[in-house]
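Here is a friendly note to read alongside the model. Have the sequence and the 3D view open as you go through the points.

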Amino acid sequence: MLKRRSSSQWIILAALICLIISVPSSAAPKKRAAPKTPPLNLPPLKTQEQKMQLLGYIRQTMPTRRIAQRINFSSADLDQALEQELGPAAQTLAQTIDDETFIRRVSLDLTGQLPAPEKIEDFIKDQSRGKRSDLIDELLESPAYGRKWARYWTSVIFYESEANRRRVDPQALEDWLAEQFNKGAPWDYITVMLISATPERNKAVRNDYGQDFGPNNFVLACENKSTELASQTARIFMGISIKCAECHDHPFDNWKREQFHELAAFFHPYTYKMPDQTDPKIQTVVQPRFLLGEKPHEKMKADARRVSIAAYLAYNPKNYWFARAYVNRIWSELIGDGFYDVDSLGPDSEVIHKPVVNRIAANFRYKDFDPKWVFRLIMNSKVYQREMRTSNSAAELFTAVRPSRLRPDVIANSVENLIGEDQSIRKEIMQAFDMNPSLPQDALEGSIQQALLLMNNQELQTRLSQSELKQQLIKISSDTELVDSLYLNVLARHATPSERERNLSYLRDSEKREEAVDDLLWVLLNSTEFRTKR
Amino acid sequence: MQTDAILHLNLNRRGGLSRRNFLQSAALGIGGSSLLSQFRLHAEDLKKEGRSCILLWLAGAPSQMETWDPKPGTPNGGETKKIQTQSPGVEIAHYWPKIAAAMNEIAVIRAMTGKEAAHERGTYHLHTGHRMLGIEKFPHFGSVVARELGDPQSDIPNFVSIGQTLSSGFLGVQVAPFIIDRPGLLPDNVVNSTSNLRQRRRLALLSQQESEFAKAGATELVKEQSELYQKANLMMTSPRLKAFQFDDEPAVMQEAYGKSQTGQGLLVARRLVEAEVPFVEVRSTGWDMHSSVFSSMARRAPEVDQGLSQLLLDLKQRGLLEKTLVLCMGEFGRTPKINARGPAPGRDHWVRNFNLLMAGAGIKGGQVIGKTDENGQEIIEDPVQVDDLFQSMCKAMHMDADMELHTPVGRPVRLVDGGAVIKGLFG
């Protein structure tokens, strides 16, 4: 926070507050000739620091801040609110998971990595009451947490991007996001940095579009196109699908074609023209306007206009979509089903158990958009800690956790956990298990290529057979201990009695013990459980 | 049979997945309505006919004026000249001499008109027959063909794509495209060096491991994975795998298709069709010519010119053309007006009129359907909508365009929403 505020800064502050708070009031009964708008004397907003400073002022004026101290919404409150919503379906709630399922689930979710065998044993032995909650806190502080979620969001931003690869740097974005998540940067800050970025091309250097600076890459992924920026901003940061409104009024929602183009105009450096629906040669000038009707100051330059979209997006208290989109994404990832499909929300009525998600979202805002708060809230709840079950009817949603496919980078981590680091296998896995991070779990599919890769890939088989893990396993003289260690290392849990029995008889029936161990490793590597969050 | 082990899934009541259920659902693709059983009988007949479709997809949307509808000597015509083809009166752009020499087999549709001028949306529309509205994921036409005409127990996939393509949408993994990137080689990882006996033991243990996980609450995922492993296993030992590989293909033939990715892809397509794969897509990229359209066209056209003309010739000589529908198209057209981009002008997106080629499967070759005005701005005769195209594709494949598909929530949707078979297309 700045100690001294010059008068010009106060003027900016006042101007921006007016921009934010004023929602279009119905026009005065008689239209008078509009007085000429005085020019807006904003200081340059070229650097990210200058932009963030301005946004910092706006943030402080958020009305929610004042009530935040008095509000509390705990995991128990969440459970209660949801059970109330579930009604009769609350009779069919799945059981709470045991400790070893919990530590695997929470480790995969927060760090993208399986817990080590010793860690599992320690956790099971631990008698303290708050150990689950402590583990969540501990993992949230590990560097792997930031990395896992940075990968997720980078994939969300880049998955459908058609930008020229030389003009973007997804890795720079991922690194920047990892740093932000690890240091607990608020979601509004992260979003605002992404939306208000104005990457500039450095013509003196070949292929330099400013992509080295991480936050520039959202705009670059959208190829700096106004229409793309409009639809991606709405999709990723508001969870609403307005893309079809580019060409026609949304078939079943409120978003009109004009609104889409008004939002696009916001991102345009100059005068934006909307092409006619039937004859694209006819174009009409459209004034920038945010989705809830907010208009920027007429004389605002392109840079300041981007800052103001970011402000309308994050700080207009009426824009509940912003907080809810984040909450719904994290919920979908953790529970396996969302309150709605993460980026294709049509009319608001499609939201299931809306009061619950809206309450979490409102509280997320009160908590200053702290991403870790959302993880703590959900993961400490009973909802998250339930056994898995596939429910395909809306009524049963959230009575259990959906068994979810692990993301390609997480599968690659699990494989490297067995064979050690291997860039070429990682690359093959990333390709074969590639998936759109914005699709709901029930829309995802496996492929024959995935099966073939894990079954037959020669390098993978060789590395597995020569791995340290296997060497350790064959040194264990007791078959029972061998099987236990196998399950702990590959699936991060103990074998069940029937599994133990089966594997023991397999070992007994095999002529060569070493080959049999290869087989057992192969079986677990190829099991559905290996690539699933249970 | 190795796959017996993986098929041997016996779950208890709670798991709800018995071997019998599994085989049934695998055979049907989707759950059973009474209509489906009648449908299946019909489908059996269809399968015997051995119809196939090869889609050559020109990704990026090729210019209609530089392909099959040149307008030399007009303000919009640019540098492109026209040439006479084998079929009197049919003239195409000069970049395509070999296609011109095969024109007797080809119907040129010059008056396509679409609705989507963005790549992703146009690709979706022209692959599924549906526009990208709402959240329903419609299947690739190839997946519908694979379901209707393919053998569910087939030892190689019923839909192969050389290059990335759309998914099977709500039809699921049974009819998903099997994608390969390098034509002429065996797909990655199909070779297993483990002995048969050992592999059988492994699979038996795996299936027990799987059934336990299914019982723990992951029935759907295990079911899907078992289907995939079953298919993967069948494929690994399939004698038809050699269709992917050129070992027994004379070098002369490989030369004839051209050594390009597209040419070799088309040769694989012919081999797969010979091996009774009902749908093959071959992707050719680089057709998004916003700038330098004339030089780019001259550079890109020869590969397709050679590969596609050779494919038609080859299919004809083998007696396969009458049962094989060949389509060559992209997602939309390009602005008749030449833009002012550097370093050399090109053409931008345009969806009001564009063109495509159709051949085989009863289609009358050597003809042009539809006409645009002198400047290539407007359609002046016989416009063809995407629905009409899909009606015609269905007719060529002897499939019912009015058939209902069912989304996962059971909502019935028609394969094609409307339109009519293109007049005069079939002889």
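1. Let's begin with a cavity lining. By class, the second largest cavity is lined by 4 nonpolar, 2 polar and 6 charged residues. Here Ala, Val, Leu, Ile, Met, Phe, Trp, Tyr, Cys and Pro count as nonpolar, Asp, Glu, Lys and Arg as charged, and the others, Gly among them, as polar.

2. This is a predicted model, where local features need pLDDT of at least 70, side-chain atom pairs count only at pLDDT 80 or more, and totals for chains, interfaces and linings use all residues. Residues are numbered from 1 along each chain as its sequence is written, chains are lettered from A and ligands numbered from 1 in the order in which they are written, and side-chain values use heavy atoms, leaving out hydrogens and water.

3. Among the residues lining the second largest cavity are Asp109(A), Lys148(A), Glu333(A), Arg405(A) and Gln441(A). (On a 1 Å grid over the protein atoms alone, a cavity is a set of points where a 1.4 Å probe fits but cannot get out; lining residues have an atom within 4 Å of a point.) Helix H5 (99-111), helix H8 (143-158) and strand S3 (404-405) of chain A each give at least two residues to this lining. Helices (H or I, at least four residues) and strands (E, at least two) are DSSP runs, numbered from the N terminus.

4. Now to a helix pair. Ile360(A), Asn363(A) and Phe364(A) in H16(A) meet Pro371(A), Trp373(A), Val374(A) and Leu377(A) in H17(A), with contact meaning heavy atoms within 4.5 Å. These contact residues divide into 6 nonpolar, 1 polar and no charged.

Notes:
1 Å grid on protein atoms, 1.4 Å probe; cavity = no way out; pocket = protein on both sides within 12 Å on 5 of 7 lines; lining within 4 Å.
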